[in-house]
Amino acid sequence: FYKILGAEPHFLGDGIRRAFESRIAKPPQYGYSTEALVGRRQMLQIAHDTLTNQSSRTEYDRALSEDALTMDVAWDKVPGVLCVLQEAGEAQLVLATGEQLLQDRPPKRFKQDLVLAMALAYVDLSRDAMAASPPDVICCCEVLERALKLLQEDGASNLAPELLAQIDETLEEITPRCVLELLALPTDEKKRQEGLQGARNILWSVGQGGIATVGGGFSREAFMNEAFLQMTSAEQMDFFSKTPNSIPPEWFEIYSVALAHIAQAIASKRPQFIMMADDLFEQLQKFNIEMNLALERALCSLLVGDISNCRMWLGIDNESSPYRDPKIIEFVVNNSLPGLCKLLETWLVFPRSRDTRGMQFRLGDYYDDPKVLSYLERMESHLAAAAAIAKLGAVKSSALQAFSKVFPAALKIISAGALFALFAVIGLKCLPPRMDAKLAEDIVRKWQSIKSKALGPEHTVTALQEILDGNMLKVWMDRATEIERHGWFWEYTLSDVTIDSITVSMDGRRATVEATIEEMGPKNNDAKYTARYEMGGWRITEGA
């Protein structure tokens, strides 16, 4: 009685009455029947009358303390009782009672009231799951799906269309995160299969007609990137092969799956997957003619012992080859095949597949495997080259030192555990350091420091170029110049920066960072706000 009134045992009579009046003044917002609402009112009235009468309250409290309290409820009052119990937070009791009553096949109107109370109880459990630390997204999704199923299958959806819409909207928002958490479960856990199916449902549905938004703040590319991180290389390949023909693959998907083929080839010693990866790289070149995948294709050739094709892709023997790069040629000539093989071992890291993440790759182990040798025997021209590669000894440290001078950016990428580290060498363009929470915080703090100087009494406007680029630079240069022209200035101190989220593009060159920023101004004029920054080359290009 205390709980359904929202009262406490120490409340006096007036407090009980106010709690009762508050409950009566706020009837349920969803479509209970008149009978259920009358039953609810009567149950609240009984609780009120019992607790405002001293003798009945004393007897009630004694029975409560002895756990000897029972109450008979007329059949037609059960929906009203479940309604007040749900409002009181007794979700598990409502569900247990409701499930038992549904087995008795109650009349339609009674059943609809029952289903509505149970659906609301499931919603309560979903809120509890998200309030946990950390939030239990999987549980939240499961109970909301049960609520949705109840409302849709038991004919109560027309009674609470707003509730149905809220559940639908919430599921759309959290399902992608739920799928990712399911995928992150151990690979031998049966429940993880729901995550694999969920990823297919999401990516294949949003892929239709070029739709790019998944839900929950994910683009299709960002969600696929996160999902692939939790899949094995074989699962990525299976996903790609079973994607309906009506959903054309995008470039980032083809590239990721090509890497998955190489990872699976190394892990399972099946070089035919290397040839499939090379076919995907070829498909990608046709898909995006601006992509230079010569080095990927050269190293695919090397993995099947086809050194002549490897040399062709690197343009070693053809000075007019569009793939030829003087620095690569110089390095290969100076260090010969052993240097190239050692670099291949260093580069072939597969953090994009959970089964190959952290795997140590050795060319000798790969080429010595009977399955690899059997495959290469059918390609006689490659077998001798593969045998030579397998027998190569350790590469002198001078070769790696030479490499570090020619490709300093690539070594940074290796140390950061990048996808494949090949893009850096293909065009010899220096990729920025790998974006993480520490780097993001450093950039945001640097921006805040430079902004305070540009807008402060010093008016060091030119320093904005050190941290901003693109439209962001133009907007703040104009703003700071205008402030300086008027002789104005702002004074504030950065007190804290918290990085809330980071989304990095597939090529590692762009990132979206969301941060919560706290500033202290004069005369207690403090501020706390959330900002979203678009970054490229690890300068801020856009901000909101």
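1. A network of salt bridges links Asp278, Glu282, Lys286 and Arg297. The model is a predicted one, and a search of the whole structure finds 24 salt bridges.

2. Glutamate 253 and arginine 220 meet through their side chains in a salt bridge, at 3.6 Å from N to O. The pair links distant parts of the chain, with glutamate 253 in helix H13 (residues 251–268) and arginine 220 in helix H11 (residues 220–229), 33 residues apart. Glutamate 253 is buried, because its relative accessible area is 2%, under the 20% cut-off. Arginine 220 also has 2% relative accessibility and so counts as buried.

3. Aspartate 238 forms a salt bridge with arginine 200, and the closest N and O atoms are 3.6 Å apart. Are the two partners buried or partly exposed? Aspartate 238 counts as partly exposed because its relative accessibility is 25%, whereas arginine 200, at 17%, counts as buried.

4. Arginine 62 forms a salt bridge with glutamate 66, with 3.3 Å between the closest N and O atoms. Arginine 62 has 42% relative accessibility and therefore counts as partly exposed. Glutamate 66 is partly exposed as well, with a relative accessible area of 49%.

5. Which residues form a negative surface patch? They are Asp168, Glu169, Glu172 and Glu173. Of these, aspartate 168 is found in helix H9 (residues 161–183). Its relative accessibility is 39%, so aspartate 168 counts as partly exposed. Residues joined into a patch have no salt bridge, which separates aspartate 168 and the rest of this patch from the pairs in the points above.

6. Methionine 43 is found in helix H3 (residues 34–52). At 8% relative accessibility, methionine 43 falls under the 20% cut-off and therefore counts as buried. What is methionine 43 in contact with, leaving aside its neighbours within four places in sequence? The contacts are Phe1, Ile4, Met71, Val81 and Val84. Among them, phenylalanine 1 is 42 residues from methionine 43 in sequence, while the C-alpha atoms of the two are 8.8 Å apart in space.

Note on methods:
Residues are numbered from 1 along each chain as its sequence is written. This is a predicted model: local features need pLDDT of at least 70, side-chain atom pairs count only at pLDDT 80 or more; totals for chains, interfaces and linings use all residues. Side-chain values use heavy atoms; hydrogens and water are left out. Patches are made of residues with over 30% relative accessible area and no salt bridge: like charges are joined within 9 Å, nonpolar side chains (Val, Leu, Ile, Met, Phe, Trp, Tyr) within 5 Å. Accessible areas come from the Shrake-Rupley method with a 1.4 Å probe; for residues, only the protein chains shown count as cover. A salt bridge is a side-chain nitrogen of Lys or Arg within 4 Å of a carboxyl oxygen of Asp or Glu. Lys and Arg count as positive and Asp and Glu as negative; His and the chain ends are not counted. The place of a charge is taken as NZ of Lys, CZ of Arg, CG of Asp or CD of Glu. Helices (H or I, at least four residues) and strands (E, at least two) are DSSP runs, numbered from the N terminus. Buried means under 20% relative accessible area, exposed over 50%, partly exposed in between (1.4 Å probe, protein chains only). Contact means heavy atoms within 4.5 Å.
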